[in-house]
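Keep the viewer open as you read.

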Protein chains: 2
Amino acid sequence: MTSPSPSLAQTIAREIGTPCAVIDLDRVERNIARFQERCQEAGIAARPHVKTHKSPVIARMQQAAGARGITCQKLGEAEIFAEAGFRDILISYNILGEEKVGRLARLAGRAEPIVAADNPVTVAAVSQAAAQAGRTLPIVIECDTGRKRAGVETPAEATALMEAIKAAGNLDFAGFLLYPPESGVEAAQAFLDEASAGARSLGLAPRIVSTGGTPNLHDLGRIAGTTEHRAGTYVFNDRMMMAAGVATLEDCALTVVSTVVSRGGPARGILDAGSKTLSSDTGKLDGFGLILEYPQARIHAFAEEHGFLDLSRCPSLPQVGEVVSIVPNHVCVVVNLMDRLVTTRGGKITGEIAVEARGRIS
Amino acid sequence: MTSPSPSLAQTIAREIGTPCAVIDLDRVERNIARFQERCQEAGIAARPHVKTHKSPVIARMQQAAGARGITCQKLGEAEIFAEAGFRDILISYNILGEEKVGRLARLAGRAEPIVAADNPVTVAAVSQAAAQAGRTLPIVIECDTGRKRAGVETPAEATALMEAIKAAGNLDFAGFLLYPPESGVEAAQAFLDEASAGARSLGLAPRIVSTGGTPNLHDLGRIAGTTEHRAGTYVFNDRMMMAAGVATLEDCALTVVSTVVSRGGPARGILDAGSKTLSSDTGKLDGFGLILEYPQARIHAFAEEHGFLDLSRCPSLPQVGEVVSIVPNHVCVVVNLMDRLVTTRGGKITGEIAVEARGRIS
């Protein structure tokens, strides 16, 4: 079963043109409902990460399904969503520097941002923003429980930051932000327990313990004390999520409709979707996407507007002009290349959704 | 010598915020003048590829310097530039499909597009567009002279396409489009000579022989019969062009100003520029960019909004909050992630330029 169906892809090519990112709203809704259900079963809140869709329209669908607040990765995203009426916004990112402080202060005037910090510079910056906004700001401590991304590396560092938060006078220690590696529940639990003990020693208690990641849906709620889960990719899914075992092909709600614009030799082909459409993000997978109509075709390389196909393992070969649908490796970076997503339901085009926070990197 | 200077980068961080793509207009002008000069010395026309900057403002600078026409990779780019008043537009891409035919016909009503084709489907599509526009359309044959990208693979195929072009009745055979691999002059020359003989046998003659690529500036004009060269990246340059030996650090006119937002261990650091800012395009280089202030730092991996630094070889270490400037690996895909480029001159911010054709992938 392919999505969108071949005839729908052809309609999209004819009416809208390729390449084009297309979402199946039935699947989007099913993905949203399932995530919500799993969070409810685990007894935790769902806090969708909007970095995947960057669309208030889709965030409203997530909210209607029962999500509590949203997650943004950058202040610029948070501004778009505050503008669209969202209030409970977790910014899972270190905010710092004069320009960001001013923007955070203004944001705090019209929404309820919670900012993550893993260092004293960010704690001081959020305190400055709180002072400018004339209010208290909640802050969560980002903990590195094994990924070697952002986050304090030890519970002792977390405790030192809690002291700084307490000392600031206008900050409200809200809890902990975790993004454990897959199968990293035990280490994350140990970290959290020790950091929570640190909080208690200061007379503090986390009211938010936020875990993250669509691949971590496997372990949802398995860290005792978790209050919410942040996930973004689940809303559309992609080849990476299929590889992680948290989605099937039928759960992939976004495809890129593309046209074969050239052949050249019996085993070669070229798509009109290159790195400016599908992105060079491999997601550590082989090839840059799954072509539903030619699953044996390998998108082995990109130019900016060309996707180069190795067709040597295909039992049948696409012709120039043929329209195909591609499940991208990493949907979040693909959406960020688009101005709009074409929406479909039941095999029909229903409209389009603007990627309103596209490119809001700052 | 770094660009922008540390204090300018700090000003940009404070006034505009990071991450932010910044261009040095003095360097842009110098790069434009030098390309023009080299084309003139080689006795060929310069036809800048606008895919790099996607800005009519910068294309006008190229035109003022003496460029003859522009190159676009997608119809959507050509539409933006036609809207901005450009007429002589080479679309170095196979146009096909009903939707593109209609758009090409409309474009032909207000500009002078030349379309590249490497297959009969595109020849038929351009002929259809010519019919819809009620005019003749020029077409060049894209030849694959070794890169295994788009292009007919043999001169015989080129001759067959010329026959189709002649037979169409409303197409004007304009010549050949080449994109030889580096050091591929001899093979390209042999291909061109044989294809030109094919043209003569049909009573045709190429008035355009277009070579392409900034790395091919080494070989500019070395293919006898060349009339013009398409190049894009030279306008800004990047780490790939430095690696190709066609640019020095002082020729790199675009940097991404970024802030260190986290550390974590003595040898780690995190930039606020990730794959949504610098793109995952490695350009086959080690690391995802050159940090001017910390050239020994390696941007070894990305999250969407995080650039992960290996600082183990750095004699001094950046602090959280420190602002740095990065020369990206592949500038074209970075610009495509931006809505605007901040412009500077003589170490001062002078304004900004919109990336007007950003995301015009269709």
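Start at A:K148, which counts as partly exposed because it has 14 C-beta neighbours inside 10 Å. The cut-offs here: a residue is buried if 20 or more other C-beta atoms lie within 10 Å of its own, exposed if 12 or fewer, and partly exposed in between, with C-beta atoms placed from the backbone. You'll find A:K148 in the loop between β6 (137-143) and α7 (155-168) of chain A. Its phi is positive, about 60°, although A:K148 is not a glycine.

Before going further, a word on what you're looking at: this is a predicted model, in which local features need pLDDT of at least 70 and side-chain atom pairs count only at pLDDT 80 or more, while totals for chains, interfaces and linings use all residues. Residues are numbered from 1 along each chain as its sequence is written, and chains are lettered from A and ligands numbered from 1 in the order in which they are written.

Most residues other than glycine have a negative phi, and most peptide bonds are trans. Over in chain B, B:N237 also has a positive phi, about 65°, without being a glycine. B:N237 sits in the loop between β9 (228-231) and α9 (239-243) of chain B, and it counts as buried, with 26 C-beta neighbours inside 10 Å. Then there are the cis peptide bonds. One runs from A:T18 to A:P19, with omega near -5°, and A:P19 lies in the loop between α1 (6-15) and β1 (20-24) of chain A. In chain B, a cis bond joins B:T18 and B:P19, again with omega about -5°.

Now zoom out to chain A as a whole. It has 10 helices and 17 strands, where helices (H or I, at least four residues) and strands (E, at least two) are DSSP runs numbered from the N terminus. Its radius of gyration is 22 Å, close to the 21 Å that the globule rule gives for 362 residues, so chain A is as compact as a globular protein of that length. (That radius is taken over C-alpha atoms, and the rule is 2.2 Å times the number of residues to the power 0.38.) Of the 362 residues, 60% count as buried.

A:V28 is buried, with 23 other C-beta atoms within 10 Å. Leaving out residues up to four places away in sequence, A:V28 touches A:I23, A:I58, A:V235, A:F236 and A:A253; contact means that the C-beta atoms, placed from the backbone, lie within 7 Å.

Next, a helix pair. The axes of α4 (residues 75-83) and α5 (residues 98-107) of chain A come within 11 Å and cross at roughly 25°. That makes α4(A) roughly parallel to α5(A), a label for angles under 35 degrees, with over 145 being roughly antiparallel, 65 to 115 roughly perpendicular and the rest oblique. The contact is made by A:L75, A:A78, A:E79 and A:A82 of α4(A) and A:K100, A:R103, A:L104 and A:L107 of α5(A).

Finally, where do the chains meet? The contact takes 56 residues from chain A and 56 residues from chain B. On the chain B side, the elements that each supply at least two residues include α1 (6-15), β4 (88-94) and α5 (98-107).

Conventions. Axes fitted to C-alpha atoms, helices over the stretch in contact; angles between N-to-C directions. Contact = placed C-beta atoms within 7 Å.
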